[in-house]
Amino acid sequence: MSDFVIGIPIGMAIGIAIGLNLGIIIGRKQKPWSELTEEEKKIRKIAIGVGIVILLLGIIVFLWQLFT
């Protein structure tokens, strides 16, 4: 098998494991949305937006590598 076929599942597993761990660690310290100030809500919205952009870039790079 090629390195590409072997690398995809390993990379996905590592990414999922890191994402879950970060989510659990960060999630413990979070306050409910109703208790956040307007500044905290703004920062959280920006962080979510940046995370979505990074996710989309990762998907685009994956598809580009897959089809070239």
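**Entry 1. Charges.** I counted Lys and Arg as positive and Asp and Glu as negative, leaving out His and the chain ends. The model I examined is a predicted one. On that basis I found 7 positive and 5 negative side chains in the protein. I also looked up the centres of the two sets, and they lie 4 Å apart.

**Entry 2. Overall form.** I next looked up the secondary structure and noted two helices and zero strands. The radius of gyration is 16 Å, whereas the globule rule gives 11 Å for 68 residues; the value is well over the rule, so I recorded the protein as more spread out than a compact globule. Along the principal axes, the C-alpha atoms fill a box of roughly 50 × 20 × 10 Å.

**Entry 3. Surface.** I asked what share of the 68 residues counts as buried. The share is 3%. For the accessible surface of the protein I noted about 6,000 Å². Carbon and sulfur atoms account for 75% of that surface.

**Entry 4. Salt bridge.** I kept a general point in mind: side chains of opposite charge can pair when their charged atoms come close. How many salt bridges does a search of the whole structure find? I recorded one. The side chains that meet in a salt bridge are those of K31 and E40, at 3.2 Å from N to O. I then looked up how accessible these two residues are. K31 counts as partly exposed because its relative accessibility is 36%, and E40 counts as partly exposed because its value is 30%.

**Entry 5. K41.** I located K41 in helix 2, which covers residues 38-67. Is K41 buried or exposed? I noted that K41 is buried, yet has no salt bridge. The nearest side chain of opposite charge belongs to E38 and is 4.0 Å away. I then set aside the neighbours of K41 within four places in sequence and found K41 in contact with W33 and L36.

**Entry 6. N21 and G23.** I turned to helix 1, made up of residues 3-27, and found G23 there. N21 is also found in helix 1. Because the relative accessible area of G23 is 42%, I listed G23 as partly exposed. N21 counts as partly exposed at 45% relative accessibility.

I then looked up separations between C-alpha atoms. G23 and I48 are 25 residues apart in sequence, and their C-alpha atoms are 12 Å apart in space. N21 and K41 are 20 residues apart along the chain, with 23 Å between their C-alpha atoms.

**Entry 7. T68.** Where does T68 lie? I placed T68 in the segment after helix 2. T68 counts as exposed, because exposed means over 50% relative accessible area and T68 has a relative accessibility of 69%. Lastly, I looked up the separation between T68 and G19, which are 49 residues apart along the chain. Their C-alpha atoms are separated by 27 Å.

Key. Residues are numbered from 1 along each chain as its sequence is written. This is a predicted model: local features need pLDDT of at least 70, side-chain atom pairs count only at pLDDT 80 or more; totals for chains, interfaces and linings use all residues. Side-chain values use heavy atoms; hydrogens and water are left out. Helices (H or I, at least four residues) and strands (E, at least two) are DSSP runs, numbered from the N terminus. The radius of gyration is taken over C-alpha atoms; the globule rule is 2.2 Å times the number of residues to the power 0.38. Buried means under 20% relative accessible area, exposed over 50%, partly exposed in between (1.4 Å probe, protein chains only). Accessible areas come from the Shrake-Rupley method with a 1.4 Å probe; for residues, only the protein chains shown count as cover. The place of a charge is taken as NZ of Lys, CZ of Arg, CG of Asp or CD of Glu. Contact means heavy atoms within 4.5 Å.
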